Amino acid sequence: MADGDDDATQDGLIVYRSEAGIDAIDEYSRRLTSALRDRGDRARYLGDGWPVLRGAPGPPPWILLQYNPFAWGRWGFAPGLVHGAVRLRRSGTPLAVMVHEAWLDIEDVRSAVMGAWQRVQLRTILHAADLVLTSTEALARELGRGARHVPIG
């Protein structure tokens, strides 16, 4: 499920998300990529997971990671995503993270356990990021770290 050229290392931005199906983040990712291309920027949307980037001959110039914990793992647990973000950081590939949903609100013991690992997971990913964007102003304030709100139509 990729849009655009097959070369994962082309100049431009790679908009990247999990293998999840069609939803609002998918639509947003496709529209963002299309808008960037319409203005003459090179951009590509990859929706088929980290393996696409593993065998690439060189690092892509930028990756925008679309983050919602539940899109990356059961109960929002995605250690492979954390590992991939840290590897990108070590490789020198600039990483921007667009946080659509941060973590589960804590309401009981089950949500406290899930919310705890989701918080650690996201904080580790954000630590690896060069730029943090959010879909709401409240989420930008909650995350801190210079997170910037980007309105989504």
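Is D26 buried or exposed? At 4% relative accessibility, D26 counts as buried (buried means under 20% relative accessible area, exposed over 50%, partly exposed in between, with a 1.4 Å probe and protein chains only). This is a predicted model, in which local features need pLDDT of at least 70, side-chain atom pairs count only at pLDDT 80 or more, and totals for chains, interfaces and linings use all residues. Residues are numbered from 1 along each chain as its sequence is written, and side-chain values use heavy atoms, with hydrogens and water left out.

**Confidence**
- The protein chain has a mean pLDDT of 78, and 78% of its residues reach 70 or more (pLDDT is the predictor's confidence in each residue, from 0 to 100).
- Over residues 1–9 pLDDT stays under 50, and the model has 33 contacts for them beyond four places in sequence (contact means heavy atoms within 4.5 Å).
- Where pLDDT is low, the predicted coordinates should not be read in detail.

**Salt bridges**
- Four salt bridges are found in a search of the whole structure (a side-chain nitrogen of Lys or Arg within 4 Å of a carboxyl oxygen of Asp or Glu).
- D26 pairs with R30, with 3.2 Å between the closest N and O atoms; both lie in helix α1 (residues 24–38), four residues apart, about one turn of the helix (helices, H or I of at least four residues, and strands, E of at least two, are DSSP runs numbered from the N terminus).
- R30 is partly exposed at 28% relative accessibility.
- E27 and R31 form another salt bridge, their closest N and O atoms 2.8 Å apart, and these two residues are also separated by about one turn of α1.
- E27 is partly exposed at 40%, while R31 is exposed at 55%.
- R89 bridges to D130, the closest N and O atoms being 2.9 Å apart.
- R89 lies in helix α4 (residues 79–91) and D130 in the loop between α5 (109–128) and β6 (131–134), so the pair ties together parts that are 41 residues apart in sequence.
- Both are partly exposed, R89 at 41% and D130 at 44%.

**Largest pocket**
- The volume of the largest pocket is about 330 Å³.
- Among the 16 residues lining the largest pocket, Y28, L32, L64, V150 and P151 are the closest to its centre.
- Two or more lining residues come from each of α1, β4 (62–67) and β6, and α1 gives the largest share, six residues.

Key. 1 Å grid on protein atoms, 1.4 Å probe; cavity = no way out; pocket = protein on both sides within 12 Å on 5 of 7 lines; lining within 4 Å. Points joined across faces, edges and corners; volume = space filled by probe spheres on them.
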